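Thanks, everyone; please have the sequence and the structure open while I talk.

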Amino acid sequence: MSVNLLKESGPREVFCGLTSIVWLHRRMPDAFFLVVGSRTCAHLIQSAAGVMIFAEPRFGTAILSERDLAGLADAQDELDRVARELLERRPEIRTLFLVGSCPSEVIKLDLARAAERLNDELRGRVQVVNYSGSGIETTFTQGEDGALSALVPLLPSTDQRQLLMVGTLADAVEDRLIHLFGRIGIDTVCSLPPRKSTELPGIGPGTTVLLTQPYLTTTARLLRDRGARVLTAPFPLGAEGSRSWMEAAAKDFQINADQVATVLDPLVARAQSALAPHRDILNGKRIFLLPESQLELPLARFLQRECGMELVEVGTPYLNREQMAEELALLPEGTSVMEGQHVEKQLDRVRATQPDLVVCGMGLANPLEAEGIATKWSIELVFSPIHGIDQAGELAELFSRPLRRRELIRQALNPPSSAPIDSDPVHA
Amino acid sequence: MQLTLWTYEGPPHVGAMRIAASMEGVHYVLHAPQGDTYADLLFTMIERRDQRPPVTYTTFQARDLGGDTAELVKRHVREAVNRFQPDALLVGESCTAELIQDQPGALAAGMGLNMPIVNLELPAYSKKENWGAAETLYQLVRSLLKDQAPSELKHDPKAWQQQGRRPRVNLLGPSLLGFRCRDDVLEVQRLLNLHGIDVGVVAPLGATVADVHRLPEADLNVCLYPEIAESSCAWLERSFGIPFTTTVPIGIGATHDFLVEVHNLLGMTPPSPQEGIRQSRLPWYSESVDSTYLTGKRVFIFGDGTHALAAARICKEELGFEVVGLGTYSREMARPVRAAAKAMGIEALISDDYLAVEAAMAAAAPELVLGTQMERHSAKRLGLPCAVISTPMHVQDVPARNSPQMGWEGANVIFDSWVHPLMMGLEEHLIGMFRHDFEFVDGHQSHLGHSGGSGAIADTEVAVSTLTDELVWTADGEAELKKIPFFVRGKVRRNTEAFAKSTGRNQIDSETLYDAKAHFSA
């Protein structure tokens, strides 16, 4: 491994794990996410998702009051009451996630016990599970790791030889990958999370797991504990990464390499032509990625190897070296990989290096744009269909678009000041 | 514990952030866990600001809790002061930090820093955003000005006459993440200027620490947003004798009353009541025959106290609507809202429970909802037209175009945006006449550009919610009900059922419906 691994601590500008609810509620529309926390938690989720108008909200918050903190109300009784109230209003809910937050963790409210008790009470109607999405323990996408970890014990056991894709995928991407695996010769492919929370895939010694997302450390461990084999491969971003990722599964299923090449080679060739126009824009441009989702390493690898970008710094909120080994090996010698963050110092480095594109959160994007630095806001990457060989062009487009946009509008919006001042009708 | 699907207000530290971010040269050190920086997005995305809010978060994590979190606070205070060199520092906690009790304000005060430090005590488990903003502004104003307060109150709001200058007022209350504050300030400034009144300091929006020091130089304080500025105005009156206005100029009548109040307090001759008719288009638009069909439209109003009260008056006196529901989540404003509701013969809803508001909305069966971003959810569920009049809001309510709510232009904006969601008059008539069209179906609003209406949903919702076991609609009754235009169908159904119950019938047929109609219109 030849990259330059660095660590930094200080003020962080990241989401907490509760934010994962914003996409998980769409993946499993029959599930409800009940955060146990404060008004801050409620405000966070609604600020992130509230621009959509919901006839039937799929998430909510049990807001702790002073009575709960003072121990005047039994928190477990209160939780039961709130859960019943909720299920009465929404009888179609099949899975209830009790989601821990900073306040509930700090006062050590035992949500696991609450989930167990409610599960007994509601058996056959609603399954109740719990995980933590608190900021003190989880960063952004790690919330999904928590949610999926909570589902692992509920997966039925099976000995069937099968491939399990783990991590949220866009529906169309999921369908496409299943189709392609079928053409390679892997017929039984299922996904975690499923589209319906009640249709959980089986798990057992015959299961081979491919992680679609890099942030599933705990989920992977629990799946291993249930007897599954979790492969290590580059993540399926870009044509190259996706191909290696699919090959890893094919190898595990002992499928003839020629068969794989017959299916995938034409796709890779097509992806390269889809990439070409974006490569024209991105080639030679310098990119700086701030920590957000743990997707930064695979993205940096894709942007450098397939789009010709130069990596200034690759930030990540957390680095699982084992699962990332193959990604790290593909990064160029000497790449600065920064785990953790001191946001002010990191911004100093951004300003000092003046990259062509900065991948950052929305708290920083507009302020950096106003300083004249082009940005790509990073959350979009977890909301977009970016996985697989066929999506390589779309993925590159997410990064070329802000640069192309600048070229498109900059001149007209910032006309050269050659015109005489007195011809300006506004200031005349 | 309270089950909350949507919250009307954020936690109080978001209110404090609004004050810090609205001002210049004020920095806020917030003791908060990793993740609470989400609040930056409210400013960079919803308000679309081009700079980061002046907030340093300590962003502690679980592993820090084992160590010295107090030292962590001090390190961040030191770093923030060195890097940003503010003129004044706010120090406070978020909800999680409140639980671990590091006393960050006291820590900062003991660090020997050379600037005013305001220690914010904002109880996150009992208070909310607007309270946090009001408290922060009050504490900031008080700590910057308390040494300046005269021992004896001798302020004269008419002193400008002797001094031979134009009268000067402060505009207090406008802030980021307030509803249309940016344009309200411009509109009120323009309005006052037309009457020869200067604006001294606008705070907190755009104010510096030096501006706060200039607050006592004004003849009068204009309290534009009582939720944010009333406590500060009251303190300035107590400590400096400066009176403040209590009328918020939203709507034609209120703007006139506001001008009269300002002129009287300053010792000037009040303007003509005709000014609104000359300066705003709302009066003529509302009087023109095209608006006749707006008469008696049933409207449900919910929002912060200020905007709900203003909307109720506009609806009743200026647009000719019937207010069938009025409420607020601002408990501090409960009393005036109750009084206004009582004057309209209804009972006010004082609640921050989204579900209670939704239930009240369903029960009132309005034809138009004027509310917050949250009411858009309920209105969608019930299939009702809706316009946003108050925070909480989302990005679409921080528009690029000039769109005040206050003053004469504000009334123009209000006329357009409240009437827009309603079905246009001709379409309303034709749907009442012909119900078998393949394109303009029941509930369809073609001026909104989408096909298929929402009224059908409202009908089934209301049907499920009100039909009781002992009441049965006959097929003939249902068929007759279907002929009622969709936007009043909910109301007719409820009235008919109430009538049937009161007259001891358990079957409702078409005749019952006509009986009820005659009964209620009599």
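By contact I mean heavy atoms within 4.5 Å. With that in mind, among contacts in chain B between residues at least 6 apart in sequence, 71% join residues at least 24 apart. This is a predicted model, in which local features need pLDDT of at least 70 and side-chain atom pairs count only at pLDDT 80 or more, whereas totals for chains, interfaces and linings use all residues. Residues are numbered from 1 along each chain as its sequence is written, chains are lettered from A and ligands numbered from 1 in the order in which they are written, and side-chain values use heavy atoms, with hydrogens and water left out.

Along its principal axes, the C-alpha trace of chain B spans about 80 × 65 × 40 Å, and of its 522 residues 59% count as buried, which is to say under 20% relative accessible area, with exposed being over 50% and partly exposed in between (1.4 Å probe, protein chains only).

Now to chain A, and to helix 6, residues 111-122; helices here are DSSP runs of H or I with at least four residues, strands are runs of E with at least two, and both are numbered from the N terminus. Buried in helix 6 of chain A are A:L111, A:A114, A:A115, A:L118, A:N119 and A:L122. Seen down the helix axis, these buried residues fall within an arc of 135° (taken from the directions from the axis to the C-beta atoms), so they line one face of helix 6. On the other side, A:E116 and A:D120 are exposed. The cover over the buried residues includes strand 2 (31-37) and helix 4 (75-89) of chain A. Just after helix 6, A:G124 takes a positive phi of about 90°.

Conventions: The expected span of a helix is 1.5 Å times one less than its number of residues.
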